[in-house]
Amino acid sequence: TAQIADAIHNHLQPQGVAVILQCQHFCMCYRGVKKPHSWTTTSKLHGCFLKNVSSRMELFTLLGMDRGIG
């Protein structure tokens, strides 16, 4: 997640970058913990999404995500 966000930020230099990934890890679902249907969410924010609370809240509202991410 961080590598994707950092690459976009460094190469394109936009005002803000938000990368949010949700996935199921095989080891969490079927090995070790054995919690099928568990999801992992990671996020990385740059620029206006990191520094400006209202921009971040608008992003998460549009995505329909929990506001605590980030």
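Me: Which residues are buried in helix α4?
Reply: This is a predicted model. In it, α4 runs over residues 53–63, and S55, R56, L59 and F60 are buried there.

Me: How are they placed around the axis of α4?
Reply: They sit on the same side of α4, because they cover an arc of only 130 degrees around the axis.

Me: What covers the buried residues of α4?
Reply: The cover includes β1, β2 and α3. Strand β2 spans 40–47, and α3 spans 48–51.

Me: What comes just after α4?
Reply: G64 does, and G64 has a positive phi of about 70 degrees.

Me: Which residue has a positive phi although it is not a glycine?
Reply: Q13 does, with a phi of about 50 degrees. Most residues other than glycine have a negative phi.

Me: Where is Q13? Buried or exposed?
Reply: Q13 is in the loop between α1 and β1, and β1 covers 16–23. Q13 counts as exposed because its relative accessible area is 64%, and the cut-off for exposed is over 50%.

Me: Let's step back. How many helices and strands are there?
Reply: The protein has four helices and two strands. Along the sequence, the pattern reads α-β-α-β-α-α.

Me: How much of the protein is buried?
Reply: Of its 70 residues, 20% count as buried.

Me: What about the accessible surface?
Reply: The accessible surface is about 5200 Å². Carbon and sulfur atoms hold 54% of that surface.

Me: What share of the contacts links residues 24 or more positions apart?
Reply: They make up 41% of the contacts with a separation of 6 or more.

Me: New topic: the nonpolar patch on the surface. Which residues form it?
Reply: I4, I8, L12 and L21 form the patch. Together they have about 340 Å² of accessible area.

Me: Which element gives the most to the patch?
Reply: Helix α1 does, with three residues. I4 lies in α1. I8 is in α1 too, and that helix covers residues 2–12.

Me: Why do I4 and I8 count as partly exposed?
Reply: I4 has 41% relative accessibility, so it counts as partly exposed. I8 is at 31%, so I8 counts as partly exposed as well.

Me: What does I8 touch, leaving out residues up to four places away in sequence?
Reply: I8 touches Q13, P14, V17 and V19.

Me: How far apart are I8 and V19?
Reply: They are 11 residues apart in sequence. In space, the distance is 9.5 Å from C-alpha to C-alpha.

Me: Then what about C23 and C48: how exposed are they?
Reply: C23 is partly exposed, because its relative accessible area is 29%. C48 has 27% relative accessibility, so C48 counts as partly exposed.

Methods
Residues are numbered from 1 along each chain as its sequence is written. This is a predicted model: local features need pLDDT of at least 70, side-chain atom pairs count only at pLDDT 80 or more; totals for chains, interfaces and linings use all residues. Side-chain values use heavy atoms; hydrogens and water are left out. Buried means under 20% relative accessible area, exposed over 50%, partly exposed in between (1.4 Å probe, protein chains only). Contact means heavy atoms within 4.5 Å. Accessible areas come from the Shrake-Rupley method with a 1.4 Å probe; for residues, only the protein chains shown count as cover. Patches are made of residues with over 30% relative accessible area and no salt bridge: like charges are joined within 9 Å, nonpolar side chains (Val, Leu, Ile, Met, Phe, Trp, Tyr) within 5 Å. A salt bridge is a side-chain nitrogen of Lys or Arg within 4 Å of a carboxyl oxygen of Asp or Glu. The arc is that of the directions from the helix axis to the C-beta atoms.
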